[in-house]
Protein chains: 2
Amino acid sequence: MKKAIFYHAGCPVCIEAETKILELVDEKKYIVEVVHFGSQGNRIAEAEKNGVKSVPALFIEGAVLHINYGASMEDVKILICV
Amino acid sequence: MKKAIFYHAGCPVCIEAETKILELVDEKKYIVEVVHFGSQGNRIAEAEKNGVKSVPALFIEGAVLHINYGASMEDVKILICV
């Protein structure tokens, strides 16, 4: 089973992207872990290390797919106050 | 079977996104039609009508997911000379 991580911050753009990605995914091949920075601010450093510049973003097989644009990671850090 | 459309223009960013999306997709639920504007310039108007502003983009269930950023549709139209 492969793993992908969907990083988001709860914004409307994030929720729409999350819905679509989870609908699309082959659950027999991939587990998609959903990380919401609002409750998992401790995952921000990891996300940035993985190359996430904005949310929503899907980290998959070493690549980051930035999906539409909700907020920059800079804004996420300010708004979430970590 | 549901249908999604992946619009792109052959750029490296497009190819990476295409690879990841096709790897992720549940083929029992979704058919993903891949439209390359280089050979299917006649699909540009339809893509714009569907809300595509840049490539690569995935049109799914009435929503557009712009995935990373390869080129704007304006640039696509100039470069593809339709």
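Residues are numbered from 1 along each chain as its sequence is written, and chains are lettered from A in the order in which they are written. In this predicted model local features need pLDDT of at least 70 and side-chain atom pairs count only at pLDDT 80 or more, while totals for chains, interfaces and linings use all residues; side-chain values use heavy atoms, with hydrogens and water left out.

**Stop 1**

Buried means under 20% relative accessible area, exposed over 50%, and partly exposed in between (1.4 Å probe, protein chains only).

Now keep Leu58(B) and show its contacts (heavy atoms within 4.5 Å). Not counting residues up to four places away in sequence, Leu58(B) touches Leu24(A) in the other chain, and in chain B Ala4(B), Ile5(B), Phe6(B), Ile21(B), Val32(B), Ala63(B), Val64(B), Leu65(B) and Ile67(B).

**Stop 2: the interface**

Select the residues of each chain that contact the other: 20 in chain B and 20 in chain A. Together the two chains bury about 1,900 Å², with 60% of that on carbon and sulfur atoms. Buried area is the accessible area (1.4 Å probe) that two parts lose on being put together, summed over both.

There are two salt bridges between chain B and chain A. A salt bridge is a side-chain nitrogen of Lys or Arg within 4 Å of a carboxyl oxygen of Asp or Glu. Also across this interface are 10 residue pairs in polar contact, both residues at pLDDT 80 or more. A polar contact is a pair of N or O atoms within 3.5 Å; within protein, one must be able to donate a hydrogen and the other to accept it, and residues adjacent in sequence count only if both atoms are side-chain atoms.

On the side of chain B that touches chain A, α1 (12-24), β3 (54-60) and β4 (63-72) of chain B each supply at least two residues. Helices (H or I, at least four residues) and strands (E, at least two) are DSSP runs, numbered from the N terminus. By class, that side of chain B has 11 nonpolar, two polar and seven charged residues. Ala, Val, Leu, Ile, Met, Phe, Trp, Tyr, Cys and Pro count as nonpolar, Asp, Glu, Lys and Arg as charged, and the others, Gly among them, as polar.

**Stop 3: salt bridges**

Over all chains, the whole structure has 12 salt bridges. Select Glu23(A) and Lys2(B), whose side chains meet in a salt bridge at 3.6 Å, N to O. This pair crosses between chains, from helix α1 (residues 12-24) of chain A to strand β1 (residues 2-8) of chain B. Lys2(B) is partly exposed, at 37% relative accessible area.

Next, take Lys77(A) and Glu74(A), a salt bridge with its closest N and O atoms 3.5 Å apart. Both residues lie in helix α3 (residues 73-80) of chain A, three residues apart, about one turn of the helix. Lys77(A) is partly exposed at 26% relative accessibility, and Glu74(A) is partly exposed at 49%.

In chain B, go to Glu46(B) and Arg43(B), where the closest N and O atoms of the salt bridge are 2.5 Å apart. Glu46(B) is partly exposed at 28%, whereas Arg43(B) is buried at 15%.

**Stop 4: the network around Arg43(A)**

Select Lys3(A), Glu33(A), Arg43(A) and Glu46(A), which are linked in a network of salt bridges. Arg43(A) sits in the loop between β2 (30-36) and α2 (44-49) of chain A, and is buried at 15% relative accessible area. Leaving aside neighbours within four places in sequence, Arg43(A) contacts Ile5(A), Tyr7(A), Glu33(A), Val35(A) and Phe37(A).

**Stop 5: His66(B) and Gly51(B)**

Select His66(B) in strand β4 of chain B; this residue is buried, at 14% relative accessibility. Beyond four places in sequence, the contacts of His66(B) include His66(A), Ile67(A) and Asn68(A) in chain A, and Gly51(B) in chain B. A polar atom of the His66(B) side chain lies 2.9 Å from the backbone nitrogen of Lys53(B).

Finish at Gly51(B), in the loop between α2 (44-49) and β3 of chain B. Gly51(B) is partly exposed, at 25%, and touches Val64(B) and His66(B), not counting residues up to four places away in sequence.
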